[in-house]
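Here is a short briefing on one protein model. Keep the sequence and the 3D view open as you read.

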Amino acid sequence: MRTILRGAIAAILLGCAALPARAETPKDTLVQAYRIDDIITLDPAEVFEFSTSEYIAQVYDRLIAYNPKDPAHFTPGIAESWTVSDDGTTYSFKIRDGVTFQSGNPLTAEDAAYSLRRAIKLNLGPAFIIGQFGLTADTVDGMVTAPDARTLVFRTDKAYAPSFVLNCLSATVGAVVDAKTVEANAKDGDFGHAWLNTHSAGSGPYKLVAWKPNESLVMERFDGYWQGQPGFRRIFFRHVPDPTSQLLLLQKGDIDIARGLTGEQIESLKSNPDITLQEVPRGAIWYLAMNTQTEPLKKVEVRQALKYLIDYQGMADSFMKGRAVLHENFLPKGFLGALDDEPFKLDVGKAKQLLAQGGYPDGFKLTIDVTDGSPFLEMAQSIQATFAKGGVELQIIASDDKQQTSKIRARKHQTAIGRWGPDYQDPHTNAQTFAMNVDNGDNPPMKTSAWRNAWDIPELTRETEAAVLETDTAKRQAMYEDLQRKVRDTSPFAFMFQQVEVVAARKDVQGLVWGPGTENDFFWQGKKE
């Protein structure tokens, strides 16, 4: 009987068409609707997307975290304290006693060490975040050690700004996994990767129940969570990409939270007494990427021309209103060195002049890969219309987020609309992806966005590497400002907007924490009043 009842509740919450609409969701359950088709994996060693970063925050713990309300300062996680050696190359963490995994296994320093070693040896997408400190498959066992159950030692190849190292360790790739459980499910030396793609092994407030790609992600409360019992018994992520569907579900009470409403829809909810609206500044940047393997895009003049064929203001004043603000630089506002100038605007005459200088006075044809939902499609359609004014014919290729991401990572696109969120609260996180390409070959140690667009930039790479080592804050700020100007002018990136997310929720939902990035959205203290 209990199984049947639980199945019925799940079916209702997942939007089964045959069942009648509910007036409200259960009081012990949080249901949010937004796009989750970016989910490729649930393994922290590979997670690099917005939806799964938010999932990691609910299911796993990290050594430390930055305070979402004050990102410049770190707060303890499973490490209750830490020290840095005088030479700046050794970080010692005291691991909290009494923390248990959802399996019942105790969490020790060896689990934390195993998690970092595992990420490096698997060498998947986010491994470079911690690998950049000199950690490789050959060196990591000696650089990340657990001399006893309560002590983790993390060594770097040279001295870096401590805030940079700590910021990197707060990223999702630093999530601590249950080593015994993961190894028990390992096959053919994969460190449990195949199993952890669809299972969880964390110590966080929630544990995975089920993931149905492009449909839902379901989590259940872990009553043994070390910080106290979570408020919600269940959390449902529903894949609802259409803003109109989100709005109707929210108004009827079939969901608790809508993430992705248009500016017009948000405006319509301001007079609704049953709905609260919370504006959340995010660090995510929307941009147009241009693959320089495509013949016309090899020319700097052509890339500059396309940047003058984008109606930034028109988009900001229409479908991006309430979702983002104009931003034409790779560092989000709030980061050290961020610039707020906006040098590009729609200028067809200037664009045509640059196209002629680049050898394409009559234009050319391109394709653009885009996620098949709002606001990505609207962006592509706007860009398609303004490119045409300069003689550039743009064909839109729409697909789900996972397909588009995989295509871009394989460098198979010509142009694409991207959304990039910082991996940690240091300017190097975005400088590294947009201004570094250490190896433009097919199998580099870091597959940054510059690499994905085949932008070979040895000099800018050296400048970016120098900036991360600079300990004088004022000098470091000036270096990032200079980097942004160079990238903005010559790169295959047209930066357009910085995200401002408006979370629409039923008025009884309280206590949720929304951070600068989804990896710091925490729901465990939430409840319905």
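Predicted model: local features only at pLDDT ≥ 70, side-chain atom pairs only at ≥ 80, totals over all residues.

Residues are numbered from 1 along each chain as its sequence is written, and side-chain values use heavy atoms, without hydrogens and water.

**The sheet**
- Four strands form an open sheet in the order S4-S5-S7-S6, with antiparallel pairing.
- Strands are DSSP runs (E, at least two residues), as are helices (H or I, at least four), numbered from the N terminus.
- Two strands pair if DSSP finds at least two bridges between them.
- The edge strands, S4 (79-84) and S6 (144-148), each pair on one side only.
- S5 (residues 90-95) and S7 (residues 151-155) are joined by 5 bridges. Lys94 has Thr151 in S7 as its bridge partner.
- Helix H3 (residues 109-122) lies across S5, S6 and S7, at about 170° to S6.
- Angles run from 0 to 180 degrees between N-to-C directions, and axes are lines fitted to C-alpha atoms, for helices over the stretch in contact.

**A helix pair**
- Helix H16 (residues 428-435) packs with helix H18 (residues 458-469) at about 170°, their axes 10 Å apart.
- H16 and H18 are therefore roughly antiparallel (angles over 145 degrees).
- His428, Ala431, Gln432 and Ala435 in H16 meet Leu460, Thr461, Thr464 and Val468 in H18. Contact means heavy atoms within 4.5 Å.

**A buried residue**
- Leu366 lies in strand S14 (residues 364-371).
- Leu366 is buried, at 3% relative accessible area. Buried means under 20%, exposed over 50%, and partly exposed in between (1.4 Å probe, protein chains only).
- Residues touching Leu366 include Thr294, Leu297 and Val392.

**Salt bridges**
- The structure holds 30 salt bridges. Each is a side-chain nitrogen of Lys or Arg within 4 Å of a carboxyl oxygen of Asp or Glu.
- Arg409 pairs with Glu49, the closest N and O atoms being 2.4 Å apart.
- Arg409 is partly exposed at 23% relative accessibility, while Glu49 is buried at 6%.
- Glu459 and Arg462 also form a salt bridge (2.9 Å, N to O). Both lie in helix H18, 3 residues apart, about one turn of the helix.
- Glu54, Arg259, Arg282, Glu501 and Asp521 are linked in a salt-bridge network.

Terms used: Parallel < 35°, antiparallel > 145°, perpendicular 65-115°, else oblique. Lists of a residue's contacts leave out its neighbours within four places in sequence.
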